[in-house]
Amino acid sequence: MNSLKPKKEMVSVRIPEDMNGKLEQHVSGLGVSKNAFILMLIAQTLGSDQQSTLPRTG
């Protein structure tokens with residue numbers, strides 16, 4: 001059976017520990033994962049509507 005989910009590629013991003021801590025605090029207040037937040041930023045920056053492919057949390 002063919003899946004309709006878009007293909008995804010794993011990408012690793014290294015950020016400073018203090019920035020990671022601030023990111024964790026920020027996204028916890030929004031109720032999303034760090035991954036979902038970063039995908040939203042990329043989608044906004046590239047001007048694409050990728051909201052339907054974002055991972056959902058909680």
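**View 1. The salt bridge between Glu-24 and Lys-34.** A search of the whole structure, a predicted model, finds one salt bridge, defined as a side-chain nitrogen of Lys or Arg within 4 Å of a carboxyl oxygen of Asp or Glu. The side chains of Glu-24 and Lys-34 form this contact, with an N to O distance of 3.3 Å. The pair links distant parts of the chain, ten residues apart: Glu-24 lies in helix 1 and Lys-34 in helix 2 (residues 34–46). Helices are DSSP runs (H or I, at least four residues) numbered from the N terminus. Glu-24 is partly exposed at 39% relative accessible area, and Lys-34 is likewise partly exposed at 29%; buried means under 20%, exposed over 50% and partly exposed in between (1.4 Å probe, protein chains only).

Local features need pLDDT of at least 70 and side-chain atom pairs pLDDT 80 or more, whereas totals for chains, interfaces and linings use all residues. Residues are numbered from 1 along each chain as its sequence is written, and side-chain values use heavy atoms, without hydrogens and water.

**View 2. The crossing of helix 1 and helix 2.** The two axes, lines fitted to C-alpha atoms over the stretch in contact, come within 9 Å and cross at roughly 90°. Helix 1 is therefore roughly perpendicular to helix 2 (65 to 115 degrees, on a scale from 0 to 180 degrees between N-to-C directions).

Key. Helix = DSSP H or I, 4+ residues; strand = E, 2+ residues; numbered from the N terminus. Parallel < 35°, antiparallel > 145°, perpendicular 65-115°, else oblique.
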